[in-house]
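I want to look up what surrounds the ligand, and then check for cavities.

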Amino acid sequence: MSAPDLFTSDHEELRRSVRAFVEKELLANAEAWEADESFPREMFRRVGELGFFGMKYPEDVGGSGPDALADAVVTEEFARCGSAGVSSSLGAHKDLACLYVYNFGTAEQHARWLSPALEGRLVGALGVTEPDAGSDVAGIMTRARRDGNDWIIDGAKTFITNGAWADFVVVAAKTDPEAGHKGITLFVVDTDTPGFEARRIRMLGWRTGNTGEISLQGVRVPDSARLGDEGSGFYAIMQNFAWERLIMALGQVAGAERTYELAKSYALDRSAFGRPVGKFQVWRHRFADMATRIEAGRALTYNALRMYSNGEDPIREVAMAKMYTSEVAFHVADECVQVHGGYGYMMEFPAQRAWRDSRLGPIGGGTSEIMKEVIGKTYGL
Ligand SMILES: Cc1cc2nc3c(=O)[nH]c(=O)nc-3n(C[C@H](O)[C@H](O)[C@H](O)COP(=O)(O)OP(=O)(O)OC[C@H]3O[C@@H](n4cnc5c(N)ncnc54)[C@H](O)[C@@H]3O)c2cc1C
């Protein structure tokens with residue numbers, strides 16, 4: 001479904017060109033990359049050359065916008081690449097690491113990290129979550145202490161998308177442990193700094209995402225690596241959650257739509273009792289139910305996107321869209337496995353990957369339980 005009142009003809013032209021790139025250069029390689037559990041790092045250069053990282057950033061920092069709707073189009077099309085590991089890796093770079101440096105960085109920091117990252121010459125990651133603190137951001141333990149004009153960072157991060165191969169990581173650390181959420185500060189840490197170590201983590205899905213566990217031991221960074229004011233980190237994280245969760249919802253809808261097409265194609269191809277399984281009434285109804293949920297998810301998401309691009313603060317709408325679409329995407333993937341029968345359980349068929357990949361939706365970027373907390377609080381509960 002298109003949204004003529006939301007996207008312009010320029011956006012639709014951009015969609016065609018991103019889709020052509022995704023089909024030819026990502027989707028065509030998805031199976032091989034999944035088998036390798038990684039994808040070529042040069043793909044960041046390729047995406048950067050095509051300008052697909054820069055849509056929501058202005059030209060003076062190396063972007064081609066700012067146009068949040070164009071960036072939404074890129075996100076939707078990346079989500080159709082057949083591997084959530086690849087799309088999340090590109091997304092964590094474009095929408096997490098780069099967005100933090102853009103929103104809270106100085107002109108020098110833009111020149112040092114953001115512009116090369118938009119060209120795909122540097123790969124970025126965001127490191128907030130820790131082994132003992134995920135939903136409870138204020139509970140992080142990583143500590144940054146002043147030492148002259150430098151900071152010394154000690155701590156650990158985990159589940160960090162791109163964490164195992166990033167060139168720089170935006171790290172959240174406590175600079176004033178007594179101040180609770182007001183004591184968190186962000187730093188950009190180059191991953192070749194002594195004391196920084198990362199290793200890959202094996203996961204159920206998102207296997208090409210180079211997700212990493214990070215150890216920071218006596219990592220010395222200059223004050224010029226501090227992103228924003230001391231103590232402003234928690235507020236920065238909360239501010240950026242709006243876009244992070246919105247792009248997750250956009251990705252869930254586009255991914256669910258692709259999984260639906262996969263399921264439908266199989267259901268019309270596979271026969272049992274003398275007819276395609278998709279022609280049994282029970283499956284016709286289940287496809288009708290899936291299609292309805294996808295459209296409902298898209299309507300919620302586009303409503304939040306419209307509000308966001310109008311400069312409103314759609315905290316409730318984004319949380320609703322993120323929660324609902326991630327649950328729809330997993331439901332559709334589960335139905336996709338079911339309609340495949342035994343083949344749905346086989347690693348040679350992509351249905352299992354859609355199922356494994358989509359299970360992350362209700363967990364990453366704020367769990368469904370946390371989304372309900374956010375939504376409930378907006379109603380004064
Ligand atoms: C593949 C993957 C990629 C990720 N990428 C990144 C990344 O790039 N950068 C980054 O910083 N983080 C990343 N994360 C971390 C992700 O954001 C967290 O996993 C998520 O926020 C949940 O935190 P947690 O895992 O610590 O779970 P916990 O916070 O320990 O939660 C455990 C359970 O308790 C529930 N719970 C917690 N608090 C409440 C509450 N108040 N009310 C009700 N229920 C509650 C949760 O919903 C959950 O079901 C990634 C995670 C994964 C799995």
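Predicted model: local features only at pLDDT ≥ 70, side-chain atom pairs only at ≥ 80, totals over all residues.

Which atom of Phe159 lies 2.8 Å from a nitrogen atom of the ligand, backbone or side chain? I looked, and it's a backbone N or O atom of Phe159.

Entry: I checked Thr129 next, and an N or O atom in its side chain is 2.7 Å from a nitrogen atom of the ligand.

Entry: the shell. I found 17 residues around the ligand, and the ones that come nearest are Thr129, Ser135, Phe159, Thr367 and Glu369. Sorting the shell by class gave me 9 nonpolar, 7 polar and 1 charged residues. I noted that β3 (150-160) and α11 (368-378) each supply at least two of the shell residues.

Entry: domains. Why do I say the ligand lies between domain 2 (126-231) and domain 3 (234-378)? Because both domains give residues to the shell around the ligand.

Entry: cavities. I looked for cavities of 30 Å³ or more and got 1. The largest cavity has a volume of about 40 Å³. I went through the lining of the largest cavity, and among its residues are Glu37, Arg200, Trp206 and Asn210. By class, I wrote down 3 nonpolar, 3 polar and 4 charged residues for this lining.

Note on methods:
Residues numbered from 1 in each chain as written. Heavy atoms only, no water. Near = heavy atom within 4 Å. Polar contact = N/O pair within 3.5 Å; in protein donor to acceptor, adjacent residues only side chain to side chain. Helix = DSSP H or I, 4+ residues; strand = E, 2+ residues; numbered from the N terminus. Nonpolar A, V, L, I, M, F, W, Y, C, P; charged D, E, K, R; others polar. Domains from an automatic or database assignment. 1 Å grid on protein atoms, 1.4 Å probe; cavity = no way out; pocket = protein on both sides within 12 Å on 5 of 7 lines; lining within 4 Å. Points joined across faces, edges and corners; volume = space filled by probe spheres on them.
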